[in-house]
Amino acid sequence: MTEAGPARAQPMPSDAPSLRRRLLALLAPPLFLILAIGALAAYGLALRYAGHVYDRWLLDSARALQKLVQSGEARGELNPQARLLIEFDTEDRSLFAVRSLRHGLLSGDASVPMPAMLPARDDRAVFDDIRIGGHVLRMATVTLGAGEPGDRIVVSVAETLHKRQILAREILLGTLPIELALVLLALGVVWLSIGRGLRLLDPLVAQVGARNPRDLAALDTAGVPAEILPLARTIDALLARLREMVRLQERFIADAAHQLRTPLAGLRLQAERALADPRPETVRDALGHIERLAEGAGRAAGQLLALARTQAHERAIAVAEPLDLAALVRECVAERVPEALARQIDLGYVGPAEGVPMRGDAVLLREMLCNLVDNAMRYGRDGGQITVGLQRDAEADALWVEDDGPGVPAELWLRLGERFFRVPGTAREGSGLGLAIVREIAARHGGRVRFGVGSTGTGLRVDVRLPQT
Ligand SMILES: Nc1ncnc2c1ncn2[C@@H]1O[C@H](COP(=O)(O)OP(=O)(O)OP(=O)(O)O)[C@@H](O)[C@H]1O
Ligand SMILES: [Mg+2]
């Protein structure tokens, strides 16, 4: 026999679900979302700082123009060199306007608007976001005193935002690959860490893999990670159930061996007796014993097989086929009619002729009924009465078998159905398994078995209640 090694040694089937792939699939979308949010935040920040830097330059231009106006150079039209200096920009369009509050535009571009608010003092400046011809521009405004009282000269310089956007975009493009690399690195770390983390399972896998199939002791859970403990406990629970099953099987085998050994010993004894004393009457008597013993052994073997069959249906009922319980009961009764007639037993059935449908295992249910009728026939009296009844109510099917024989003392009812239990002093042969089989089959169908006295005040009445499915 080849024993399976630790599961890790076997290659993983390609279509098996992978913890790694699943975790990566779970982690990747949020990480890329974080990347996108980071990029947006970086772009916003970059725009802000680019704004600060270029605002300062814009203010420098406004201050230079202020100086020119102060020195009297730019009261009228600005000379071309100065104009070039103010307006020169390779990236953006620059405009300026010099206005007197009293006399209006002195020089520059009339499309440059007045600021929303004038600076409070001449050494202060204000910035405005304005629109000219569909373009957004940034405007710096400073003021200076005019020659006339009550007048002020307002100097504004404006430029489009192109440079600022280019700078912000460059900053963004510079950081994006770094952020992307970080996300990929994080995913790589996750990939490797899962592999390392799963190695914590190795001792458990090795422990289960190296187990002798006969060793059903609980697992050693020392060092098993807390997250895996539920799995280890589930395996332990399964092992406990297996231990119980093996124990039952062993008991069953021991009981079965014991059950068969007794008639076999008897057979041998009778054979020896016949061999030792070849007189015809001794041989005849020994053969009679041998026949009865062989019949008993055959019966015991049959009952053991029936019990084994009911136990094979480990969980509830394995086969739940539609069947007619009334028809099944009548068949079982009919089988015993010839024997009943021969023994002058009044064997009767009370209940519907057919039409009691239920779901269950027909083979097992027949086994159960036949055992009950067999007991009544076996332990009831010749010339007596046996009634098999069936009645359906709202929740269950009530089935009963009663005879008018000696019955079983009430204090022993609890023991009926124990394997190999026979009422002391029972004359007829039997293996003591019939009622155990009945109980087992009733339980498989969710039912219950009860014992009582027959309706004539004697005999045994067995009630089986099978809930409707
Ligand atoms: N109708 C009955 N009347 C009187 N005693 C009964 C009746 N049915 C069962 N018993 C008692 O209960 C015992 C257990 O019955 P059970 O059917 O389990 O085993 P068994 O009949 O001895 O053997 P087998 O396995 O062959 O059926 C019987 O040995 C008998 O003593
Ligand atoms: Mg029996």
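Me: Is F420 buried, exposed or partly exposed?

Reply: The general idea is to count C-beta atoms, placed from the backbone, within 10 Å of the residue's own: 20 or more others make it buried, 12 or fewer exposed, and anything in between partly exposed. F420 has 14 other C-beta atoms within 10 Å and is therefore partly exposed. This is a predicted model, in which local features need pLDDT of at least 70 and side-chain atom pairs count only at pLDDT 80 or more, while totals for chains, interfaces and linings use all residues. Residues are numbered from 1 along each chain as its sequence is written, and chains are lettered from A and ligands numbered from 1 in the order in which they are written.

Me: Where does F420 lie, and what is its phi?

Reply: Helices (H or I, at least four residues) and strands (E, at least two) are DSSP runs, numbered from the N terminus. F420 lies in the loop between β10 (396-403) and α9. Its phi is positive, about 70°, although F420 is not a glycine. Q344, also not a glycine, has a positive phi of about 55°; it sits in the loop between α7 (325-342) and β7 (346-350). Q344 counts as exposed because it has 10 C-beta neighbours inside 10 Å.

Me: In what order do the five strands of the open sheet stand?

Reply: Two strands pair if DSSP finds at least two bridges between them. Here the order is β2-β1-β5-β4-β3, with antiparallel pairing. β2 (104-108) and β3 (126-132) each have a single partner strand, so one side of each lacks a neighbour in the sheet. Angles are taken between N-to-C directions of axes fitted to C-alpha atoms, for helices over the stretch in contact, and run from 0 to 180 degrees. With direction ignored, neighbouring strands of this sheet are turned by 30° against each other on average.

Me: How many bridges join β1 and β5?

Reply: Strand β1 (residues 94-100) and strand β5 (residues 152-160) pair over seven bridges. Within this pair, S100 stands opposite I153 in β5.

Me: Which residues are closest to ligand 1?

Reply: A residue is near a molecule if its C-beta atom, placed from the backbone, lies within 6 Å of it. Of the 24 residues that surround ligand 1, the closest are Y379, R422, V423, G430 and G434. The helices α6 (280-312), α8 (362-379) and α9 (434-444) each supply at least two residues of this shell. The largest share, four residues, comes from α8.
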